Amino acid sequence: MSSFQLNNNIFRLTEDLLVRVQEKIAAESDRKSFRLVCREFCRIDSLTRKHLRVLRIEFLPSLLIKHPQLQSLDLSACPRIDDGVVSLLLTRVGPGSSSLNWANWTRGLKSLILSRATGLRFSGLEMLARACPCLESVDVSYCCGFGDREAAALSSAVGLRELKMDKCLQLSDVGLVKIAVGCLKLEKLSLKWCMEITDLGVDLLCKKCVDLKYLDVSYLKVTNESLQSIASLVKLEVLGLMACPLIDDIGLQFIERGCPLLKVIDVSRCEGVSSCGLIPVVRGHGNLLELNAGYCLSELSTNLLHWIKNLKHLEVIRIDGTRISESSFHVIRSNCQSLVEIGLSKCVGVTNMGIMRLVSGCINLRVLNLTCCHFITDAAISAIADSCRNLVCLKLESCNMISEMGLCQLGSFCLLLEEIDLTDCCGVNDKGLEYLSRCSELSCLKLGLCTNISDKGLFYISSSCAKIHELDLYRCTGIGDDSLDALSRGCKKLVKLNLSYCNEVSDRGLGYIGRLEELSDLELRGLNKITGAGLEVVAAGCKRLADLDLKHCEQVDDSGFWALAYYSRNLRQINLSYCAISDMALCMVMGSLTRLQEAKLVHLDNVTIEGFELALRACCIRIKKVKLLAPLRFLLSLEILEALHARGCIIRWD
């Protein structure tokens, strides 16, 4: 059949059939290919698209008109959005009428992500809440201007079931009460780092929002009184209490008698919590699925173990930083056979024998964290590989006694492995990477500080592990340009790459990196052999680049920075510290990168005070965090400092 006949047959498909075909396409890359076939396919995609993440605010109006059936809208990459923009997006002139009506795209919208939208205030939020009658989920995390008035405006979205307000530092009990009274259907609420919330606000929340299933009050200075209030939530399933310094063992006793449906509890880094405090929680909730007690227990006591062994359905346990005995491993192995994840990072007492005992009974393990368990050897790794054939994530950072023999076992038996962290494992060499390359499902590989690997080892990985999207080669001094050539050919899905202090990498290597079209995060810190020419190739080829670290790249001249300003319009974070950038180039970079949110600009010896002033003026309406040398605090104009502060920018003085 000729291509002409094939095209004619495709175009005869009805709209209904094309919609059904499009709905079967899961991967976003495949959806993109579908859109590019022809105008009709693009139209079908526009009409049926349910989720949209906008990267550049200037395209937002046309995108919303193009996609009228949206259910989820993510504006987290558009920090410049404010009340005026919202007003423009929400209104349109009705046909044949001069009255204003809500825009079509709001009618079916259920989820709205507005995190880091620091310019959005109460009037814009009120308009959104009223315009979206189906709204069920809102995320306003890290909106530094979000306070009690904004919470009151959002409370008019009476159908809200999920609300995330992490690090809304101006939110107090008053605003929380407004939410509690207005949004009675809330099922999921996150208040992490909302430092003005007290026991009073939590108490009123628990009295009004009785349907809460998920509550996270991590990092808040709430006391045991809040735990008494939380215990009244009969539908609560997930409770986050990470790093709450004022709760202790006495408060956890309230949880024993309350929250009958509790399945997940996180008390990690709670200084006042000990094994004695966790016993009532475990004793009162035999159906617990996840227990996170990292860095709060000095030791795993015998009494606590006695109750943990009754948790027959426990799937996740994290006890990082705890002193643990070999007998503890035996108890966990014998009684908690449903475990799929175990966290033992920095635990004292982890030995080969303990791990052997543990994994022999936990054959369903999928995630195992042994970071900084320094006495682990190849014997333990062999036992893990032999028993845990379904393992997908293994963290072995600073396990210095592991060698190629352990990796040989992993490569032979753990063929489903997707993530492995071998940072600072000095026993890892090229032969070990050859064995590891048998794990063709690998998507994340961390090899930082593995100084015994070379281009040869990366050749093995590149030829067999095509699914890798994150690769960390920090201070792998044996890595050079040739391995980057292999990576660019075999690992085309790379999204995150760390080459910091890989001193043999030159402009030729950057030329290969420029082929990686999916790359978004790139660290090139301390590469003294790269110049502006190499950076220009990266900027032109890696159009999705969002995070770039060029600290101590002292040979890069203005030509490279001009290329960044021209090509890298999606950059959100950049580190230019100790670079030889000029006034003009800095102004161009800071002014042209319209998505830039964070910049580190210390020790720029070629930049004058006037250069800093102009650069900051060029980006002050969108920059959220900037790092500058401390003396500049007294040299920059008060006007620019106040302008940055007014837009919610955090200045870190170095």
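Modeller: The second largest cavity holds about 30 Å³ of space. (A cavity is a set of points on a 1 Å grid, over the protein atoms alone, where a 1.4 Å probe fits but cannot get out; its volume is the space filled by probe spheres set on the points, joined across faces, edges and corners.) The model is predicted, so local features need pLDDT of at least 70 and side-chain atom pairs 80 or more, while totals for chains, interfaces and linings use all residues. Numbering runs from 1 along each chain as its sequence is written, and side-chain values use heavy atoms, without hydrogens or water.

Which residues line this second largest cavity? They are L55, I57, A77, C78, P79, R80, T594 and R595, where a lining residue has an atom within 4 Å of a point. Five are nonpolar, one is polar and two are charged. (Nonpolar means Ala, Val, Leu, Ile, Met, Phe, Trp, Tyr, Cys or Pro; charged means Asp, Glu, Lys or Arg; polar means the others, Gly among them.)

Now the other one. The structure has two cavities of 30 Å³ or more. Around it sit L60, L64, L73, L75, I81, V86, L89, W105, L112, L114 and L128. Two elements, α5 (60-66) and α6 (83-90), each give two or more residues to this lining. (Helices are DSSP runs of H or I, at least four residues, numbered from the N terminus.) The lining of the largest cavity has eleven nonpolar residues, no polar ones and no charged ones. The second largest cavity does have charged residues in its lining, two of them.

Terms used:
1 Å grid on protein atoms, 1.4 Å probe; cavity = no way out; pocket = protein on both sides within 12 Å on 5 of 7 lines; lining within 4 Å.
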